[in-house]
Amino acid sequence: MKILVLNGSPKKNSDTMRLTNAFLEGLKQDNDNSVEIINVIEKEIKPCLGCFACWKIQNGKCVQNDDQNAILSKIIESDIIVWSFPLYCYSMPSHIKAVIDRIIPLSKMSMKEENGIVRHDTVIDLSAKRYVVISGCGFPNWSGNFDGLRIQCNNMFGNNLTMICVPETPMLNVPEAAPLTTPLLEKFVSAGEEYAENLCLAGDTITSLETPMLPNEVYIQIVNQNS
Ligand SMILES: Cc1cc2nc3c(=O)[nH]c(=O)nc-3n(C[C@H](O)[C@H](O)[C@H](O)COP(=O)(O)O)c2cc1C
């Protein structure tokens, strides 16, 4: 399978990519899987113009001549698209949102309602594609933090989405936290293997990946001591 990773962290040492790389290590244990990683921050992706020219032309391309058309081609060629990005203001960083906004050339103006969700038809059949969203964040676990992102991604990617939202991820770049972060990274490797086999993750696996490494009060205390 062809796996495209869209890394939406602007940082060289992304906390979230540590998790994603562990997941990819598991996925790559199936030798038929090949992985390409695109660091979105290094690409020129302008905001959507809202001109809907793509809906008139319907060639799966944007009229703006920047790096997005190459990303659209890679999305079309790939079987699995992994979106890896940190949570920013309860959502996604603006440069990865620009990529998502500009997927609109793959859709048409015509729409349909299915299971209470309205979506556009697509210029090519995207129904077999799988999507994985891995998002790290700086807060400890609290229910509202990822709520908006979960709704957004469910609406975008539907039934073929596997979403993993991990609290306390700055710990992944703290060497002293290795006794807590290493077991989490190992769980991500196993999850990658599970995903390679089933193209989805069991609910228990996702719960285990999203379980905080530290209790909230301990994490908050450590952060506040260092701020
Ligand atoms: C502009 C900005 C907004 C952020 N917003 C949130 C937020 O809403 N909730 C949260 O828990 N963490 C938030 N964070 C913290 C990041 O999600 C956290 O540092 C994450 O581990 C960074 O991941 P990365 O190293 O992969 O970029 C924010 C960070 C920045 C820079």
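Me: How are α6 and α7 oriented to each other?

Reply: Happy to walk through it. A word on the ground rules: this is a predicted model, where local features need pLDDT of at least 70, side-chain atom pairs count only at pLDDT 80 or more, and totals for chains, interfaces and linings use all residues. Residues are numbered from 1 along each chain as its sequence is written, and side-chain values use heavy atoms, with hydrogens and water left out.

Now to the helices. Helices are DSSP runs of H or I with at least four residues, strands are runs of E with at least two, and both are numbered from the N terminus. Helix α6 covers residues 178-198 and helix α7 covers residues 203-210; their axes lie 10 Å apart and the packing angle is about 155°. Axes here are lines fitted to C-alpha atoms, for helices over the stretch in contact, and angles run from 0 to 180 degrees between N-to-C directions. That makes α6 and α7 roughly antiparallel to each other. On this scale, angles under 35 degrees count as roughly parallel, over 145 as roughly antiparallel, 65 to 115 as roughly perpendicular and the rest as oblique.

The crossing of α6 past α7 is left-handed, a label used if the near helix is turned anticlockwise from the far one by less than a right angle, with right-handed for clockwise. On the α6 side, the contact is made by Leu184, Lys187, Phe188, Ala191 and Glu194, and α7 brings Thr205, Ser208 and Leu209. Contact means heavy atoms within 4.5 Å. Sorted by class, there are four nonpolar, two polar and two charged residues in this contact. Ala, Val, Leu, Ile, Met, Phe, Trp, Tyr, Cys and Pro count as nonpolar, Asp, Glu, Lys and Arg as charged, and the others, Gly among them, as polar.

Helix α6 also meets helix α1 (residues 15-27): their axes come within 6 Å and cross at roughly 45°. α1 and α6 are therefore oblique to each other, and their crossing is right-handed. From α1, the contact includes Arg18, Leu19, Ala22 and Phe23, while the α6 residues include Leu184, Phe188, Ala191 and Tyr195. The classes in the contact of α1 with α6 are 11 nonpolar, two polar and three charged residues.

Leu184, Phe188 and Ala191 of α6 take part in the contact with α7, and they take part in the contact with α1 too.

Buried means under 20% relative accessible area, exposed over 50%, and partly exposed in between, with a 1.4 Å probe and protein chains only. Leaving aside neighbours within four places in sequence, alanine 22 is in contact with Leu185, Phe188 and Val189. The C-alpha atoms of alanine 22 and glutamate 186 are separated by 7.2 Å, although these residues are 164 apart along the chain.

Phenylalanine 52, in the loop between β2 (34-39) and α2 (53-57), has a positive phi of about 60° without being a glycine. Phenylalanine 52 is partly exposed, at 40% relative accessible area. Cysteine 89 lies in the loop between β3 (80-86) and α4 (94-101), and its phi is near 50°, again positive in a residue other than glycine. Cysteine 89 is exposed, at 75%.
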